[in-house]
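Please read these notes alongside the coordinates. They go from the whole chain to single elements and then to single residues.

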Amino acid sequence: MSLSFKGQTVVVTGAGGGLGRVYSLLFASRGANVVVNDFNAEAAQKVVDEIKKAGGSAIANASSVTDGAAVIQSALSAFGGVSILINNAGILRIEGWLKNMTDAEFDQVISVHVKGAFSCTKAAWPHFRNQKFGRIINTASAAGIYGNFGQANYSAAKMGLIGFTKSLAREGAKYNISVVAIAPIAASAMTATVMSPEMLANLKPEFVAPFVAAVCHPDGPNPSGRVFEIGAGFIGELRWERSKGTIWKTDDTFTPSAVKLKWSEVTDFSNPRYPESISDVDSTLELASTMPPNPQSAPPVRFDGKTVIITGAGAGLGRAYALMYARLGANVVVNDVSEKGAHAVCSEIKSAGGKAVPAVCSAEDGEAIVKIALDTFGGVHVLVANAGVLRDRSFTAMSEQEWDLVVAVHLRSTYKCAKAVWPIFQKQNYGRIVTTCSQVGIYGNFGQTNARHFFPYSSAKAGIIGFTKTLGFEGRKYNILSNVIAPSAGTAMTMTVWPQEMVDAYKPDYIAPIVGYLTSEANTETTGQLFEISGGWAAQTRWQRAGGYGFPTNRVLTPEDIISKWDIFTNFDDGHATNPTTSAEAMQQIMGNFENKASVVETVKDAVRDAGKALKAKL
C-alpha cells in the first residue's frame, strides 16, 4: 500500500535546496500540504512553484527559524493546521580549529541549528498535543555524534539536537508525538563546501527523504527518541553502549592514584550494557562501602606545579574538585558567580596549607578567569568546566529567556573557557580538559510520572559531548586531552529533583578522583571520550551502530521500501553491529554502498511497478 499524506500539513525548514527541497517534493507528491521555509525567499518560492506545477499544494515562508511562531503560523493560516515538522535548516561555519573560531561563529551555528529547532518545535507543540498527533524530525550529523576537526560549534549544535530529541520524545509519548533524530549525509549547498563532486554524486538527498516520510506517516514505524545514520542508500540505527565499568571503595583511599590502577576496567567493553534511560544503572554505593581499601599507584598522581581552573567551584562538585586538587599540590582558581562561595572555598584550601585564588565572574568570561590564573600563578594546565544552572519547566511553559540562560551557562561557558586556555595549552604542548555533561543529556529526561523537564539542559549537556569530542581530535597532536563526564552527585542543583537521602548518599567526593585522573599527567591516551560516574563507580559510554542495510543505488527508494527492511537496519543482535569512533569510520560503510547496484531486470520491474502506481493514482 502506498503511503498517503493527504490531509497532513508538513513544515520543512531550510527547504530552498538540498535535503529540504527533496523532503518538500516527496511529501507534496504524496498529497501533503507543504510549508517551504527558507531565509532565501526566492529559493523557497522556486520549490513551491515546482510543487504546484506537479499538482501539489505548498506555500513559501521566509521567516528565520529562530522565529518559530511565524513559521508555524504560516501553516495555520494557509492550511488550518500542522501535523509534521522537519527541522532541517542549518548553516556551516568552518574557520579552522577552536583557537580561530569567533564567538559570533559559535553563537550563529548554535542559534540556527539548536535554537531554531527549539523555536519551531515550541510553536508546533501545543497543536500536536491538542490533536494527539505530531511527527518531528531533528537533523543531527556525524560531526555531532563522533566529533570532527574544525567543527567544534557544528559538533556541539548537532549533538545538542540529539539530546533535545530524546527529552522531547519522552514528553511527547503520551500525546502521540514522535520525535526522531537523523544524521543524514547528502549532497547540498552545505556539504558541497567540504566534499568532492565525485562523492556528492553518490549522496543524493533522494536516499534520505523516503526514511523521513516513512517515520512521519501515521501508520509508519514510530522510533521516537532514536537516532539513525542515513546516506547513499545505507541506513543504520545508533544506540548507546556502556562498559560494565568498575567500583572503588568510597573512603579516603579513593584517589586519582587508585583510579589509575583500575582504569582499564572502566574502558573494558567485553561485557557491555545498553541503557535507554538514566535509571538503567545499578546502585553501587552499598557494594563500594564494603570493599577493601583501594591500592594506590606508585608514583602517586599529583599536581605539584600545575594550575587548575574550576568553574562553578563555590559549592557541590566544583568545591570537591578544588579541595582535591589543592590536597594534591595544585594551584587552584576557584571560579563562581557567588563571591561568598568562591571565597569560602579558597579559605578552606588556604587553611589546609594549599594555594587558591577566587575568580568571581560568569563562567562565560573565560578570558578573565584565565587572566587571574596567569597573573596569580603564572600559568594554567587544567580546565574543569563544571558551571551549571537548571531551569525546571515543561516544554510548553518554557520561555525563550530560560532556554538561552541554560544554554549559555552550560554550553557557551564551556566553549568560552576552552577557547581561552587553548592557545596556552598549545604553546606549552600540554593541557587537560574535563567538561561536564549529564545523563539527562545522554538519555533524555527522567521519564517518570513526576518527572522534571530538562529540554534546554539536555540540549546543552548533549552539545557539550559533541564539542568535547571535537576538542579530543583537535588537541591530541598538542598533548591536549579532553574528556566529558556525566556525574551523578548530590548538589544544590540535583537537590531540586532528587530525594534528600540520595543527595546525602551520592557525595561529590565520589566523582572527584575520576576527574583528577583524567586531568593528570598519568592520563596519556584517553581523550574525546564520555564517562558516566556515580557512587564510587565509573564506566565509559560510546555509540554502537547496527549493521544496517544498503539499498541499491540505481533504484528509486520509496518509503515503502524503508518499512520493508525496518527489522534489518534496526537489528543490533545479528553480529554486524560496529562502534565507529570518527566521522571517517562512519562514512566507510556508507561509501561502501556506492557500488550496490540492482540488476537490469530488477530495475525494469521497479519502473513497471512505479508506472502502474502512477496510472492507478490518476484513475
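1. What percentage of the 619 residues in the chain do buried residues make up? The share is 59%. The model is a predicted one, so this and every other value below is computed from predicted coordinates.

2. Some totals for the chain come next. There are 23 helices and 18 strands. The accessible surface amounts to about 23,400 Å², and carbon and sulfur atoms account for 52% of that surface.

3. Helix H2 covers residues 41–53, which is 13 residues. From its first C-alpha to its last, H2 reaches 18 Å, close to the 18 Å expected at 1.5 Å a residue. Ala-43, Ala-44, Val-47, Val-48 and Ile-51 of this helix are buried. They lie on the same side of H2, because they cover an arc of only 140° around the axis. Glu-42, Lys-46 and Lys-53, on the other side of H2, are exposed.

4. What do the buried residues of H2 pack against? Their partners are helix H1 (18–29), strand E2 (33–37) and strand E3 (57–61).

5. Both ends of H2 have a feature to check. At the start of H2, Asn-40 places a side-chain oxygen within 3.1 Å of the backbone nitrogen of Glu-42. After the helix comes Gly-55, with a positive phi near 95°.

6. Helix H6 (residues 152–172) has 21 residues, which should span 30 Å at 1.5 Å a residue. The end C-alpha atoms of H6 are 30 Å apart, in agreement with that figure. How many residues of H6 are buried? The count is 20 of the 21, so H6 is largely enclosed by the rest of the structure.

7. In strand E10 (residues 307–310), Thr-307 and Ile-309 point one way, while Val-308 and Ile-310 point the other way. All of these residues are buried, so residues on both faces of E10 fall under the 20% cut-off for relative accessible area. E10 runs parallel to strand E11 (residues 331–336), and 4 bridges join the two.

8. Phe-5 belongs to the segment before strand E1 (9–12). Is Phe-5 buried or exposed? Its relative accessible area is 1%, so Phe-5 is buried. With neighbours within four places in sequence set aside, Phe-5 is in contact with Phe-27, Arg-30, Gly-31, Ala-32, Ile-84, Ala-213, Cys-216 and His-217. Phe-5 and Leu-26 are 21 residues apart in sequence, and their C-alpha atoms are 10.0 Å apart in space.

9. Thr-139 is a residue of strand E5. With a relative accessible area of 6%, Thr-139 is buried. Which backbone oxygen does the side chain of Thr-139 reach? It is that of Asn-87, at 2.7 Å. Beyond its neighbours within four places in sequence, Thr-139 is in contact with residues including Asn-87, Asn-88, Lys-158 and Leu-161. Ile-182 and Pro-184 are also among the contacts of Thr-139.

10. The remaining points concern backbone geometry. Most residues other than glycine have a negative phi, and most peptide bonds are trans. The residues below deserve a look for that reason.

11. Lys-132 has a positive phi near 55° and is not a glycine. Lys-132 sits in the loop between helix H4 (103–131) and strand E5 (134–139). At a relative accessible area of 46%, Lys-132 is partly exposed.

12. Ala-232 also is not a glycine, and its phi is positive at about 55°. The loop that holds Ala-232 runs between strand E7 (227–231) and strand E8 (234–242). Ala-232 has 0% relative accessibility and counts as buried, whereas Lys-132 is partly exposed.

13. Where is the cis peptide bond to be found? This bond joins Ala-298 and Pro-299, with omega about 0°. Pro-299 is located in the loop between helix H11 (285–290) and E10.

Methods: Residues numbered from 1 in each chain as written. Predicted model: local features only at pLDDT ≥ 70, side-chain atom pairs only at ≥ 80, totals over all residues. Heavy atoms only, no water. Buried < 20%, exposed > 50% of the residue type's maximum accessible area, 1.4 Å probe, protein only. Areas by Shrake-Rupley, 256 points an atom, 1.4 Å probe, with all protein chains shown as cover. Expected span 1.5 Å × (residues − 1). Arc of directions from axis to C-beta. Contact = heavy atoms within 4.5 Å. Polar contact = N/O pair within 3.5 Å; in protein donor to acceptor, adjacent residues only side chain to side chain. Pairing = 2+ DSSP bridges.
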